[in-house]
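Keep the model open while reading.

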Amino acid sequence: MGRTLQNTMINLGLQNACDEAVYQLGLDMEELEEIEEDAGLGNGGLGRLAACFLDSMATLGLAAYGYGIRYEYGIFNQKIRDGWQVEEADDWLRHGNPWEKARPEYMLPVHFYGRVEHSASGAKWIDTQVVLALPYDTPVPGYMNNTVNTMRLWSARAPNDFNLRDFNVGDYIQAVLDRNLAENISRVLYPNDNFFEGKELRLKQEYFVVAATLQDIIRRFKASKFGSTDSVRTVFDSFPDQVAIQLNDTHPAMAIPELMRIFVDIEKLPWDKAWDITKRTFAYTNHTVLPEALERWPVDLVEKLLPRHLQIIYEINQRHLDHIASLFPNDVARLRRMSLIEEGDTKRINMAHLCIVGSHAVNGVAKIHSEIVKTQVFEDFAALEPEKFQNKTNGITPRRWLLLCNPGLAELIAEKIGEDYVRDLSQLTKLHKFVEDDLFIREVAKVKQENKVKFALYLEKEYKVKINPSSMFDVHVKRIHEYKRQLMNCLHIITMYNRIRRDPAKLFVPRTVIIGGKAAPGYHMAKMIIKLINAVAQVVNNDPMVGSKLKVIFLENYRVSLAEKVIPATDLSEQISTAGTEASGTGNMKFMLNGALTIGTMDGANVEMAEEAGEENLFIFGMRVEDVTELDRKGYNAQLYYDRLPELKQAVDQIKSGFFSPKDPNLFNDVVNMLFHHDRFKVFADYEAYVKCQEKVSELYLNSKAWTKMVIRNIAAAGKFSSDRTIKEYARDIWHVEPSDLKIPPPNEPRDAGQDKTPNGTAA
């Protein structure tokens with residue numbers, strides 16, 4: 001979520017008043033804002049997308065709730081020591097959190113372990129261990145519409161009789177100390193991005209958020225006029241018309257068997273009825289196609305922790321496979337491919353398959369990704385129910401990612417086209433008529449230069465390096481992962497360095513290359529990549545032959561509040577994943593909206609950015625998905641590229657020989673070995689095209705006016721990538737609710753008694 005103060009002031013229309021008031025007290029608002037900790041309760045793009053979605057849902061007046069876990073420790077703080085990443089606990093609640101309100105009156109029990117008893121009256125899950133879920137509510141204000149939604153985060157608490165109720169030996173002290181075991185559930189965020197770690201505590205976290213949330217939703221449904229009761233029993237027929245639940249990846253997939261358990265075991269609905277309601281309630285968003293990221297939980301772990309849920313999953317699977325077998329008799333291979341249960345050394349539950357079978361809609365997050373989902377990853381399912389599969393291209397909130405972080409540009413745009421674009425970003429197309437306006441071109445360039453100077457001062461303060469603010473700011477910030485190919489950027493840096501040293505007199509367009517991002521603590525290769533970047537920076541930044549022509553900076557502890565500083569100052573945005581691996585990306589959109597040009601592959605939302613702006617206004621290079629597929633078919637041989645490209649060979653040899661690690665020449669052996677023998681993401685295959693494309697970038701940068709015109713064309717084409725547009729599509733195509741542009745009256749004005757207070761009955 002990042003910081004809340006400035007976003008709240010902007011959405012309430014109070015920023016100028018607050019700035020002024022604080023100034024009159026002899027204080028500086030910006031200094032105050034810098035004191036607030038980031039709330040970093042998720043990983044990379046997936047977590048940030050949820051935050052943008054909350055802002056858009058409130059701004060569109062949807063009655064929507066964001067549910068999650070109130071981690072005591074969020075994503076780790078990254079320190080760089082001697083070029084290595086070192087993790088520190090993110091004690092973000094140390095000074096308290098003024099934005100949250102504990103709601104003990106809505107505390108709910110969550111059950112684990114135990115066993116299942118079957119009788120004539122149905123299944124009973126008994127002898128369980130109970131953990132309490134305590135909700136904390138954080139307000140989510142819409143933009144200038146007097147709407148405030150809620151983000152409800154659950155914290156784990158041990159019940160007061162924890163370890164004291166059962167055959168107690170009398171060790172009261174130990175029993176109280178053991179409360180920590182229960183409360184550890186919400187202690188810390190697992191820091192993996194695009195990687196599955198099948199740990200018991202992680203499964204507990206996933207079920208914890210799901211069980212508490214579903215009870216909360218059902219309590220709210222029963223309390224509403226829709227949860228009408230026939231004598232005692234609630235009628236759930238209208239449930240899917242009143243409730244829509246969007247599964248953000250498979251992490252909350254246990255919600256499907258949990259809702260079935262509630263309907264069948266507790267509310268005593270017949271299975272078919274319960275299943276129909278469940279399917280119509282859930283929709284699933286897929287966020288990755290990397291096989292190592294797909295959740296596959298061991299059956300024996302689920303059996304131990306959630307025995308009733310395993311039985312329900314088996315029943316769902318049996319009925320699912322019976323249906324497939326009736327359509328495709330004797331096709332055993334198809335049954336095996338489509339089963340929710342994977343046989344093998346350890347039997348596993350394929351959570352993505354569970355989500356597809358248990359949802360009425362499945363979507364990818366960019367056109368190209370949704371195609372890959374349909375034709376490759378889940379092709380059998382799409383063949384069966386093509387109408388279930390959709391696309392919803394991701395977006396970003398223009399409030400945080402333009403108004404808040406780049407007020408200079410936001411104001412400049414407002415002067416030209418008015419202020420309405422903040423709620424309707426498609427209006428940015430009106431900027432096309434100013435592409436040839438010399439004054440506007442100069443003003444856009446001036447705002448960028450001011451942002452660069454401000455960021456250069458920040459870098460000098462934090463990193464003690466002198467930055468040339470007229471150099472091109474070439475920025476690559478995102479989680480560190482092999483598929484995102486920070487290594488390819490690194491090879492380009494080494495290539496530029498070698499060119500400067502080979503011919504120091506030759507014209508070289510000065511660059512400041514900024515790379516930032518966190519590596520999952522257990523991801524060895526990603527940590528080696530960080531070390532390599534820092535080792536290269538050490539050499540480049542201290543070579544007198546290079547001077548101010550080339551500087552390399554690794555941005556420590558990349559997070560939302562740092563993104564808000566670096567993105568507005570960026571000239572060149574690096575979006576260079578291997579085609580077919582980045583589901584969408586959202587950083588790409590933030591840079592586009594803030595006046596950077598993109599160098600990128602035809603991957604994720606880059607494809608649609610090129611479609612909107614015209615491919616000639618992005619620096620597109622490298623293999624397309626088809627080329628990658630073809631190369632896989634032929635067999636990728638890294639050695640071929642190394643032998644054929646002298647500059648690549650020189651760069652790789654320098655890494656290999658210890659040029660960048662003289663004290664330990666073998667330091668980067670693992671990296672080099674990977675690049676030659678098991679590089680799934682084919683860095684060498686795109687190296688030549690990348691370097692050539694970078695030459696075109698430098699050439700254009702020399703012509704400031706032509707560069708800025710291209711920037712304006714990009715900003716004018718960025719409207720599609722508002723999360724408001726994304727959420728409108730979810731609302732209409734999946735949740736079946738109408739967004740409302742109505743500004744509800746402020747609380748100090750009397751409401752018109754005749755008007756319907758809730759234009760949208762349905763909650764998402």
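A patch is built from residues with over 30% relative accessible area and no salt bridge, and nonpolar side chains are joined within 5 Å. The model shown is predicted.

**Surface patch.** Tyr172, Ile173, Val176 and Leu177 make up a nonpolar patch on the surface. Together they have about 400 Å² of accessible area. Ile173 sits in helix 5, which spans residues 172-177. Ile173 counts as exposed because its relative accessibility is 54%, and exposed means over 50%.

**Nonpolar cores.** The largest nonpolar core holds 138 residues. Tyr421, Phe619 and Phe684 have the most contacts inside it. Helix 21 (residues 524-541) gives this core its largest share, 12 residues.

What does Phe619 touch, leaving out residues up to four places away in sequence? Its contacts are Leu572, Leu597, Thr598, Ile599, Gly600, Cys693, Lys696, Val697, Leu700, Trp707 and Met710.

Asn317 belongs to helix 12, residues 307-327. Is Asn317 buried or exposed? Asn317 counts as buried because its relative accessibility is 6%, and buried means under 20%. Leaving out residues up to four places away in sequence, Asn317 touches Ser339, Leu340 and Ile341. A polar atom of the Asn317 side chain lies 2.9 Å from the backbone nitrogen of Leu340.

The two residues with accessibility values are listed here.

| Residue | Relative accessibility | Class |
|---|---|---|
| Ile173 | 54% | exposed |
| Asn317 | 6% | buried |

Conventions: Residues numbered from 1 in each chain as written. Predicted model: local features only at pLDDT ≥ 70, side-chain atom pairs only at ≥ 80, totals over all residues. Heavy atoms only, no water. Patch = residues over 30% accessible without salt bridge, like charges linked within 9 Å, V, L, I, M, F, W, Y side chains within 5 Å. Areas by Shrake-Rupley, 256 points an atom, 1.4 Å probe, with all protein chains shown as cover. Salt bridge = Lys/Arg side-chain N within 4 Å of Asp/Glu carboxyl O. Helix = DSSP H or I, 4+ residues; strand = E, 2+ residues; numbered from the N terminus. Buried < 20%, exposed > 50% of the residue type's maximum accessible area, 1.4 Å probe, protein only. Core = buried A, V, L, I, M, F, W, Y, C linked by side-chain atoms within 4.5 Å. Contact = heavy atoms within 4.5 Å. Polar contact = N/O pair within 3.5 Å; in protein donor to acceptor, adjacent residues only side chain to side chain.
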